[in-house]
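Visitor: I have just opened this page and would like to understand what I am looking at. Please take me through the structure step by step.

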Amino acid sequence: MRVALLVIATFLGSLLISGELSNSLAIDSNGRYLALGVGSRSCADYVKFSEKKLENLNEEQYEIADKIIEHWVAGFFTGHNFYVLETYDVVGTVTIDQLQERIEKYCRANPNNRVAEAIVAIAHELHANRIKVDPSKGAPQKNPGK
């Protein structure tokens with residue numbers, strides 16, 4: 001049950017921080033919003049994590065944390081694909097490793113920002129080259145999942 005709640009919270013958090021939704025969601029007039037999970041961490045912490053310099057984590061814990069980050073990123077982009085118009089897949093051929101490299105690059109340049117801001121920036125970068133239709137269908141689905 002706890003895992004299910006974490007997945008739901010991560011998914012909802014990803015929806016709240018999608019840059020394409022910023023005009024229609026309850027983001028305040030200063031552009032602030034609540035980022036959940038990994039997205040709430042500072043970019044400085046992300047860089048420390050990527051360098052394996054966080055205190056009190058052994059190798060196994062780093063591997064587990066890495067999978068948590070991968071799943072958070074996947075959840076964000078799944079939410080993004082679901083809610084951004086004319087978007088089947090914003091990531092395309094970019095791998096999870098390449099996404100994490102982009103997060104790290106952004107975070108090194110912006111250590112005071114949150115990981116969520118890095119992901120939003122990456123989503124904006126990828127948006128122009130997104131896949132707009134389901135390649136297996138040849139046309140956009142009108143009612144995905146139904």
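Visitor: Where does Lys 52 lie?

Guide: This is a predicted model, in which local features need pLDDT of at least 70 and side-chain atom pairs pLDDT 80 or more, while totals for chains, interfaces and linings use all residues. Residues are numbered from 1 along each chain as its sequence is written, and side-chain values use heavy atoms, leaving out hydrogens and water. Helices are DSSP runs of H or I with at least four residues, strands are E runs of at least two, and both are numbered from the N terminus. With that in hand, Lys 52 is found in the loop between helix 2 and helix 3.

Visitor: What is the phi of Lys 52?

Guide: Most residues other than glycine have a negative phi. Lys 52 is not a glycine, yet its phi is positive, at about 55°.

Visitor: Is Lys 52 buried, partly exposed or exposed?

Guide: Buried means under 20% relative accessible area, exposed means over 50%, and partly exposed is in between (1.4 Å probe, protein chains only). Lys 52 has 46% relative accessibility, so it counts as partly exposed.

Visitor: Where is Glu 86, and is it buried or exposed?

Guide: Glu 86 sits in the loop between helix 3 and helix 4. Glu 86 is a residue other than glycine with a positive phi, near 55°. Its relative accessible area is 56%, so Glu 86 is exposed.

Visitor: Which residues is Glu 86 in contact with, leaving aside neighbours within four places in sequence?

Guide: Contact means heavy atoms within 4.5 Å. With neighbours within four places set aside, the contacts of Glu 86 are Arg 130 and Lys 132.

Visitor: What does Asn 81 touch, not counting residues up to four places away?

Guide: Asn 81 belongs to helix 3. Its relative accessibility is 18%, so Asn 81 counts as buried. Not counting residues up to four places away in sequence, Asn 81 touches Thr 87, Tyr 88, Asp 89 and Val 90.

Visitor: What pattern does the chain follow along its sequence?

Guide: The chain has five helices and zero strands. Read along the sequence, its pattern is α-α-α-α-α.

Visitor: How much of the chain counts as buried?

Guide: Look at the contacts with a separation of 6 or more: 70% of them join residues 24 or more positions apart. As for burial, the chain has 146 residues, and the buried share is 34%.

Visitor: Which residues does Leu 99 contact, leaving aside neighbours within four places?

Guide: Leu 99 is one of the core residues with the most contacts inside the core. Setting aside neighbours within four places in sequence, its partners are Val 73, Phe 77, Val 91, Val 94, Ile 122 and Leu 126.

How values were computed
A nonpolar core is a set of buried Ala, Val, Leu, Ile, Met, Phe, Trp, Tyr and Cys residues joined through side-chain atoms within 4.5 Å.
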